[in-house]
Amino acid sequence: MQADLSPGTILKLHTRAQFQKEDLYSFLKKELPELDPETRLQYLSAILNDFLEEYRWDPEEEMRMDGYRIKRFFPKGRNDAERE
């Protein structure tokens, strides 16, 4: 499946991710289960390229998923106070 990396799609996914407690890749895996890991990583990259300042991460924290080591980016959305 071809990635739809249009600004509207990226904004929509970013907006929905802001209301989640999980990291961005896990959200994308749940939201777009039909996509292969490489395509999901393209979405993650596009979202972070446009909205990096709206996510928090620990440079030392990563997870292994779908054959990759992935840094965990958490949205700084309205639920951020609940996570801290």
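**Layout and helix α3**

Analyst: The chain has 4 helices and 2 strands (DSSP runs numbered from the N terminus: helices are H or I with at least four residues, strands E with at least two). This is a predicted model, where local features need pLDDT of at least 70, side-chain atom pairs count only at pLDDT 80 or more, and totals for chains, interfaces and linings use all residues. Residues are numbered from 1 along each chain as its sequence is written, and side-chain values use heavy atoms, with hydrogens and water left out.

User: In what order do the elements run from the N terminus?

Analyst: The order is α-α-α-β-β-α.

User: Which residues of α3 are buried?

Analyst: P37, T39, R40, Y43, L44, A46, I47, L48 and F51; buried means under 20% relative accessible area, with a 1.4 Å probe and protein chains only.

User: And what covers them?

Analyst: The cover includes α1 (7-17), α2 (24-31), β1 (55-65) and β2 (68-75).

User: How do the axes of α1 and α3 cross?

Analyst: They come within 10 Å and cross at roughly 85 degrees; axes are lines fitted to C-alpha atoms over the stretch in contact, and angles run from 0 to 180 degrees between N-to-C directions. The two helices are therefore roughly perpendicular, a term for 65 to 115 degrees.

User: Which residues make the contact?

Analyst: T9, I10, L11, L13 and H14 of α1 meet Y43, A46, I47, D50 and F51 of α3, where contact means heavy atoms within 4.5 Å.

Note on methods: Buried means under 20% relative accessible area, exposed over 50%, partly exposed in between (1.4 Å probe, protein chains only). Angles under 35 degrees count as roughly parallel, over 145 as roughly antiparallel, 65 to 115 as roughly perpendicular and the rest as oblique.
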